[in-house]
Amino acid sequence: MRALVIAAALAAAAPAAAGPIDAPGFTKAFSCSACHGRAGATRADAVPSLAGMPAWYLKKAIDDYAAGRRPSPEMEPFSKMVKTLGVDEVAGYFAAQPREASQIKVDRTAVVNGRAASATCAACHGEDGRGDAAKGTPDLTGQPPGYLLNQMKLFKAEKRSPGDATLTSIKVFMKSLDDATLADLAAYYSSLGR
Amino acid sequence: MARMTRRDFLKASGSAAFAVSGLAGCASMGGAPTATTTPSELMPTTGRRVIVVGGGWAGATAAKYVRMEDPSLEVVLIEPNRKFISCPFSNLVLSGVRSIGSLTFGYNGLREQHGVKILHESATAIEPDTRRVRLDRGFLSYERLIVAPGIDFQTEQIEGLAAAGDRVLHAWKAGPQTVALARQLKEMPDGGVFVMSVPPAAYRCPPGPYERACQVAWYLKTRKPRAKLIVLDANQNVISKTALFRAAWQAYPNLEYRASSKVVKVDPEAREVTTEFGDKVRYDVVNVIPPQRAGAIAVQADLVGVDKRWCEVDHVTYESVKAKNVHVIGDSTIGIPVPKSGTIANAMGKIAATAVVNLINGRPAPQMPPANVCYSWVSDSEAMAVVNAYRIDNGKVVQIEQKLTPGQSTLYAQHATAWATSIWADILA
Ligand SMILES: Cc1cc2nc3c(=O)[nH]c(=O)nc-3n(C[C@H](O)[C@H](O)[C@H](O)COP(=O)(O)OP(=O)(O)OC[C@H]3O[C@@H](n4cnc5c(N)ncnc54)[C@H](O)[C@@H]3O)c2cc1C
């Protein structure tokens, strides 16, 4: 009968149809949770959180995927879909969700080492790692460590946005770091905001 | 049919109500058991009720999202199994890469986080005219019904299959059969022959049999190097990710693939299957994946089309073209250009939930296209994927694009794991 008590409590607390259906953009963003977690707050390691992502960055990512500039066999079709549905509403939906830091465990030593290696990153991503719209840099804090590491490796291998001249300096920089240091940096940025 | 017999017996003997005393859940809500021959409304409701039949990928999602979107609605989920066992990733149980436990989840999240009422029973009939769902011990009334019973097997299509019972396994509904088939594979002697059959399309999970072939071949290659796998496919070619699977199989010289080899007979005494062209293939372990149709309850309720196999629905609301206020989702459906996949079932669950909530509240249902991804594991560590995006055009779902991963990789295996983690939570948490 516990379920019934809870059901009754829920019914009493919430007015009719006050769920995600009324959140602007839900009917266009509902399919994303299959990979990115409820309302974009991921529980997984290899996909990014979208919850609380600034709209400008989400829109740039969707544009880059849809145009094939940022190759991803998964995100290219979905980005084309988002564009037919209306990217502004999708971006607005995720920007309005509370950002939740990843729960994936990170190693304390790795975090310490990552912090030590992060000085150059801070120049673009900010001292706090939260990114900067003016510089075009995303918020790295609280993203899952696996996702951050994969993206750095993709930069390093010239597989993320290959040939994009605006990103040359960051790729050069990633190439100068070994994978162990990249993993430390991923652990560090993931640990911020927890 | 044992269930029908039992119900008929109970009805005839006028003791249906007694049969339920001792059942947990909301059994007592139908009032005190009375020895009447007319089964009664089991759970009288004053509010507006949505019933969901089937708590798999589609139905559990729908139940959760109806409650999330409109907590004033009562949702009753009817599902005989007490545990949800994921078909996706269950091929990895055959190769020993995953345990069945890692794919098994409870329904507490739906109950406690979302206030879904769950009856662990089977629906025995659907009556759209009176808006009732029947169970063994009575009926429940609904305002709208969501039917998500998955698939059932056309066992009669293969001679000897029904009589073979547990000696010939399908393992196409994750659970005890998956574990039993894994054991048979493990116990098969090195040098043995594992035969599996692929049914004619349409069936649940187009790439699934080929993923299974990879897992069995990988296992044999690493554990029983002299054993071999023969895949007998009813179709003319690999029907999903064709080039990718063909490339992946280069690593498995122990895998023999035979197209256009529909299995029509199985003989567990002789340990032999026969194809429609009369070829006989001997096996040490066999896995027959039979032809399929919509879950029995959908067939029985005549929600299926002239083929008597699958249910046609509206592409926006998922309302059955054959019955008002009855929505069908998941593998039971046909006609929407989407595969029978868990990702699609989950998407349909959300779309139908949103449609139902809007329609009950007197609003039009929004147009929500589904999205699909199917990852396939080709070894213990590498996966690949097919991705489909859709839009809605004049009330019909049409594909925008299908894309394949350029090959297999450990990165896509990571993405596959991320997908599973996320979608299991999207369904049940
Ligand atoms: C080996 C294998 C691998 C797969 N891999 C993938 C994959 O990687 N990705 C992917 O997207 N999909 C995959 N699939 C497909 C996926 O499992 C199905 O598409 C999905 O389960 C369909 O969801 P459903 O809700 O329609 O059916 P189900 O999940 O089967 O749920 C149906 C439920 O209805 C219940 N039911 C039936 N009759 C009644 C009744 N009369 N009363 C009450 N309840 C009833 C059943 O007990 C069951 O729980 C795979 C399938 C298999 C077999």
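How much area is buried between domain 1 of chain A and domain 2 of chain A, and what share of it do carbon and sulfur atoms give? About 1,100 Å², and carbon and sulfur give 54%. Three residues of domain 1 lose the most area to domain 2: Asp45(A), Trp56(A) and Arg70(A). Together they make up 42% of what that side buries.

Keep in mind that this is a predicted model.

Some layout. In chain A, domain 1 spans 23-96 and domain 2 spans 108-191. Their centres, taken over C-alpha atoms, are 21 Å apart. In contact terms, 13 residues of domain 1 of chain A meet 16 of domain 2 of chain A.

Now the polar side of that domain interface. Salt bridges: 0. Residue pairs in polar contact: 6. On the domain 1 side, the touching residues are 8 nonpolar, 2 polar and 3 charged.

On to the chains. Between chain A and chain B, about 3,800 Å² is buried, with 69% of it on carbon and sulfur atoms. On the chain A side, Phe30(A), Pro73(A) and Glu74(A) supply 16% of the buried area, more than any other three residues. Contacts link 42 residues of chain A with 57 of chain B.

How many salt bridges are there between chain A and chain B? The count is 2. Take Lys80(A) and Glu401(B): their side chains meet in a salt bridge, 2.9 Å from N to O. Polar contacts between the two chains come to 10 residue pairs.

Which elements of chain A give two or more residues to the side touching chain B? They are α1 (2-13), α2 (26-29), α3 (33-36) and α5 (75-85). That side of chain A divides into 26 nonpolar, 9 polar and 7 charged residues.

Conventions: Residues are numbered from 1 along each chain as its sequence is written. Chains are lettered from A and ligands numbered from 1 in the order in which they are written. This is a predicted model: local features need pLDDT of at least 70, side-chain atom pairs count only at pLDDT 80 or more; totals for chains, interfaces and linings use all residues. Side-chain values use heavy atoms; hydrogens and water are left out. Domain bounds come from an automatic or database domain assignment. Contact means heavy atoms within 4.5 Å. Buried area is the accessible area (1.4 Å probe) that two parts lose on being put together, summed over both. A salt bridge is a side-chain nitrogen of Lys or Arg within 4 Å of a carboxyl oxygen of Asp or Glu. A polar contact is a pair of N or O atoms within 3.5 Å; within protein, one must be able to donate a hydrogen and the other to accept it, and residues adjacent in sequence count only if both atoms are side-chain atoms. Ala, Val, Leu, Ile, Met, Phe, Trp, Tyr, Cys and Pro count as nonpolar, Asp, Glu, Lys and Arg as charged, and the others, Gly among them, as polar. Helices (H or I, at least four residues) and strands (E, at least two) are DSSP runs, numbered from the N terminus.
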